[in-house]
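Colleague: I'm new to reading models like this one. Could we go through it together, with you telling me what lies behind each label?

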Amino acid sequence: MHHGAAWTSEKRKRSVQKRRETRFVVVWLTPIMVVFALFSILPVFWGIGLSFFNYSALSVHNPFTGLANYQRILRDPLVLKAIGNTFQFVLIAVPANLLSTLVIAMGVNAVRSRVLKNTLRTLFFLPTIAPVAGAALIWSTMYNLNGGLFNEILGFLSIGPIKWLGNPNIAMLSVILTTLWADVGYNIVIFMAGLDAIPDVFYEAARMDGARRWYLLRRVTLPLLSRTTLFVTVMTVISYFQMFTQVQVMTNGDPQNATRVLTLHIYTAAFQYMDMGYASTMATTLLVITFVISLVQLRIGRSRWEY
Amino acid sequence: MRRRLSVGYAAMVAGLLILGLMMVVPYLWMVLSSLKSNAEILSAHSTILPRHPTLAGFNMVLTQAPFFRWLWNSLITSTIITAVTLFTSAISGYIFAKFEFRAKKVLFFTLLASMMVPFAVVMIPTYLIVARMGIVDHLSSIVVPSLISAFGIFLCRQFIESLPRDLLEAARIDGAGEFRIFAAIVVPQIRPVMSALGIFTFMAAWNNYLWPLIVLNDIDRMTVPLALVFFNGRHLQNWNVVMSAGVLIMVPVLVVFFIFQKQFVKGLTLTGLK
């Protein structure tokens, strides 16, 4: 009898505690999740939904048009060009970013003087704190045909001026160079931390076996760094597929649409031509592209993790 | 062996230093340009160093434009976004890490999945929502959609998960309320993550360009990045004014960066490696 009472009181205490915990979760998580749903979940489905309408914020009548917008994309040379430009940007800028940041990170990590190492890291990280819009403006003036820094240097070497942002064959590369300046710092710092995290024993063991430097890199550094590399790659690819600010400020898609990337084209269609249904169709296409590419990267990355 | 290596080593260090110093060139270019007159920048015979140094650009920014208004707009919106995001991330991270409830897995998966959605996908519906709320062209339209960060919640959960259960149970036995446990025990334990998350949330808000470009029109409501580009008008390119504004905006940011540099770098590695 006595024993039973203690048991029920213990049980009651636990259920009181359980109720308090539930209340805590409900009271705090509900409003947060409601706001999250309103601004992060609802817009995704709304956006996909809009892609099936001829929707404009200005007009009263916005008819359902089924797959017409998607068919329009396939016949729209400008959208196809924008998709092509986006891929061009990603395919050049991502490998350039990853390769240079990895090499620089390994170099800086190998510097023996602590002061020098920190100074170098600061120098490479410095550009990341400029607003990208500001960086794009600075670089625009450095690319100026007359009096811009780059053409001044070429002039000093007796080479004629180049239209860095005016030549359709060069403009995208100029934008990429600016992008690299603006954000290699992030990946360098992350790679440096990843390299630091590799235990020295691995190198010592390999060196005992008489391994050469190239072998160390291929068989020790890169495999042990693969987790960091996967993270950096996925994040860089996602962010580069959405590149907007640099082109909007520097070229606004010109010359001859050579730098018109998808996000810029979506922005223009939606907020300058108010063609929001069609813009949503392009956005949904971008969603599908980035989703598939991220999945593929994670699949490949995961199978490589098993070492 | 050592001597042979040291030639290569010196070359590598020299190369890195040259490359590192090149990273500073655009900043120097900005400062030098801010001291030129617009005519000098646009002239065909301009030189790298200003021939006739002038503060006209700075004068223009400070007297002809609502410069401090813009700074204030950026400061107030970024601060509110950061403070609220820190709170919502920490408390949701705590709940996802230490409580069991229905739909937890689904909710958490949804959070993770939302991080992969490009902003271009949500910007149109978000604009329509903000328009329906009647806050287009108000500073609150910058703040309201950015109060919850899936990444922040994920980050906080990762770190809170590793806190020992006994720590929380001990406080419960002492009769502490759930919110008190969160505020007095959990938050102090994850301070490094909070400062990292704070820095990056603030930077992202301060530098955000696309969303303010969509919702803000009024000159007095612009944030700093919009204002910078605004000077670079379609008809009149006031390069020296743009560069002066750039200098005025970058200097405080650089000062803050040098003060918090350690936290910056540590924060980035924390967020990158978890």
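Colleague: Let me start with one residue. Which residues does B:Leu228 touch, not counting residues up to four places away in sequence?

Modeller: Good place to begin, and please keep in mind that this is a predicted model. B:Leu228 touches A:Ala133, A:Gly134 and A:Leu137 in chain A, and B:Val242, B:Ala245, B:Gly246 and B:Ile249 in chain B. Each of these counts as a contact because the C-beta atoms lie within 7 Å.

Colleague: What makes B:Leu228 part of a nonpolar core?

Modeller: A nonpolar core is a set of buried residues of kinds such as Leu, joined through C-beta atoms within 7 Å. B:Leu228 belongs to the largest one, which has 82 residues. B:Leu228 is among those with the most contacts inside this core, along with A:Ile266, A:Ala279, A:Met282 and A:Ala283. Helix H5 (residues 132–142) of chain A gives the largest share of this core, eight residues. A second, separate core has 47 residues, including A:Ala105, A:Ile190, B:Ile190 and B:Val193.

Colleague: How do you know that chain A is more spread out than a compact globule?

Modeller: Let's compare two values. The globule rule gives 19 Å for 307 residues, but the radius of gyration of chain A is 27 Å, well over that, so chain A is more spread out than a compact globule. Its C-alpha atoms fill a box of roughly 105 × 75 × 35 Å along the principal axes. As for its elements, chain A has 13 helices and zero strands.

Colleague: Why is H4(B) called roughly perpendicular to H15(B)?

Modeller: Two packed helices are described by the angle between their axes and the distance between the axes. Here the axes of helix H4 (residues 56–64) and helix H15 (residues 239–259), both of chain B, come within 8 Å and cross at roughly 70°. Angles from 65 to 115 degrees count as roughly perpendicular, and that makes H4(B) roughly perpendicular to H15(B). Among the residues making the contact are B:Phe58 and B:Met60 of H4(B) and B:Met243 and B:Leu248 of H15(B). By class, this contact has eight nonpolar, three polar and no charged residues.

Colleague: And what makes up the side of chain B that touches chain A?

Modeller: Here, 66 residues of chain B are in contact with 76 residues of chain A. On the chain B side, helix H7 (residues 119–132) supplies the largest share, nine residues. By class, that side divides into 49 nonpolar, 15 polar and two charged residues.

Definitions and conventions. Residues numbered from 1 in each chain as written. Chains lettered and ligands numbered in written order. Predicted model: local features only at pLDDT ≥ 70, side-chain atom pairs only at ≥ 80, totals over all residues. Contact = placed C-beta atoms within 7 Å. Helix = DSSP H or I, 4+ residues; strand = E, 2+ residues; numbered from the N terminus. Nonpolar A, V, L, I, M, F, W, Y, C, P; charged D, E, K, R; others polar. Rg over C-alpha atoms; globule rule 2.2 N^0.38 Å. Axes fitted to C-alpha atoms, helices over the stretch in contact; angles between N-to-C directions. Parallel < 35°, antiparallel > 145°, perpendicular 65-115°, else oblique. Buried ≥ 20, exposed ≤ 12 C-beta atoms within 10 Å, placed from the backbone.
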